[in-house]
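Good morning, everyone. Let me put the structure up, and then we will walk through it together.

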Amino acid sequence: MLRRKLYINVLIVILICMMAFNSEASGEFKIYVNGNEAPFDESLGYPFAEHDRTFVPIRFIGNYLGFNSTWDQSTQTATIYNDETTIQLGLNKLTAVVNGWKRIIDSSGEISTQVKNDRIYVPLRFVSETMGA
């Protein structure tokens, strides 16, 4: 009886690990905001994980979180803002300008904004902390 329980527990652990691996390998994961699943689609772009960080498209922040976003082609700079906070993000830059002050995007000093499928992506943690989430 004990042997059978051990076998079942090992099988359960293996199945859980396989499900986690398959979910991560497919690149599909969900982001929740205030308990609701955030809606990502082709027009908005999809989040992705890289360097142990979650990246989201800037349009997600504007469309779903209620912030405004603009793009300045001449300086290659995206700006996310609301009444209290303005974040300026240059393409592939390690720093951003937040309310006029230069800030490192990631504590590692090696993570920058990224362009993928003609969309600008930013680390979710940086934006959420900067925007007071």
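Which residues does Thr77 touch, not counting residues up to four places away in sequence? Find Thr77 on the screen. Its partners are Thr70, Trp71, Asp72, Gln88, Leu89 and Gly90.

One caution before we go on. This is a predicted model.

Now, more on Thr77. Thr77 sits in strand S6, which covers residues 77-81. Is Thr77 buried or exposed? Its relative accessibility is 15%, and the cut-off for buried is under 20%, so Thr77 counts as buried. There is also a polar contact here. The side chain of Thr77 makes it with the side chain of Thr75, at 3.0 Å.

Step back to the whole chain. The protein chain has 133 residues, and 30% of them count as buried. Its secondary structure comes to three helices and 11 strands. Reading from the N terminus, the order is α-β-β-β-β-α-β-β-β-β-β-β-β-α. What about contacts along the sequence? Take those with a separation of 6 or more: 37% of them are between residues 24 or more positions apart.

Next, the core. In soluble globular proteins, nonpolar side chains tend to be buried together. Here, the largest nonpolar core has 22 residues. Which of them have the most contacts inside it? They are Phe60, Ile61, Leu89 and Phe126. Several elements each supply at least two residues of this core: helix H2 (58-65), S6, strand S7 (86-90), strand S8 (95-98), S11 and helix H3 (124-130). The largest share comes from H2, with three residues. Look at Phe60 for a moment. Leave aside its neighbours within four places in sequence, and Phe60 is in contact with Val33, Ala38, Phe40, Leu44 and Leu65. Leu89, by the way, is also on the list of residues that Thr77 touches.

Now the aromatic rings. How many aromatic pairs does a search of the whole structure find? Two. In one, the ring centres of Phe48 and Phe55 are 5.1 Å apart and the planes are at 5 degrees, so this pair is stacked. Both of these residues are buried. In the other, the ring centres of Phe48 and Tyr121 are 5.0 Å apart and the planes are at 65 degrees, so that pair is edge-to-face. Phe48 is in strand S3 (residues 48-50) and Tyr121 is in strand S11 (residues 119-123), so the pair ties together parts that are 73 residues apart in sequence. Tyr121 is buried, as is Phe48. Lys116 lies over the face of Phe48, at 3.8 Å from the ring centre.

Last, the strands around those rings. S3 runs antiparallel to strand S4 (residues 53-57), and three bridges join them. Within that pairing, Ala49 stands opposite Thr54 in S4. S3 and S4 form a hairpin, with two residues between them. Watch His51 in the turn: its phi is positive, about 55 degrees. S4 also pairs with S11, again in the antiparallel sense and over three bridges. What is the bridge partner of Phe55 in S11? It is Pro123.

Methods:
Residues are numbered from 1 along each chain as its sequence is written. This is a predicted model: local features need pLDDT of at least 70, side-chain atom pairs count only at pLDDT 80 or more; totals for chains, interfaces and linings use all residues. Side-chain values use heavy atoms; hydrogens and water are left out. Helices (H or I, at least four residues) and strands (E, at least two) are DSSP runs, numbered from the N terminus. Buried means under 20% relative accessible area, exposed over 50%, partly exposed in between (1.4 Å probe, protein chains only). A polar contact is a pair of N or O atoms within 3.5 Å; within protein, one must be able to donate a hydrogen and the other to accept it, and residues adjacent in sequence count only if both atoms are side-chain atoms. Contact means heavy atoms within 4.5 Å. Rings of Phe, Tyr and Trp (its six-membered ring) pair if their centres lie within 6.5 Å; planes under 30 degrees apart count as stacked, over 60 as edge-to-face and the rest as tilted. A charge sits over a ring if NZ of Lys or CZ of Arg is within 6 Å of the ring centre and within 35 degrees of the ring normal. A nonpolar core is a set of buried Ala, Val, Leu, Ile, Met, Phe, Trp, Tyr and Cys residues joined through side-chain atoms within 4.5 Å. Two strands pair if DSSP finds at least two bridges between them.
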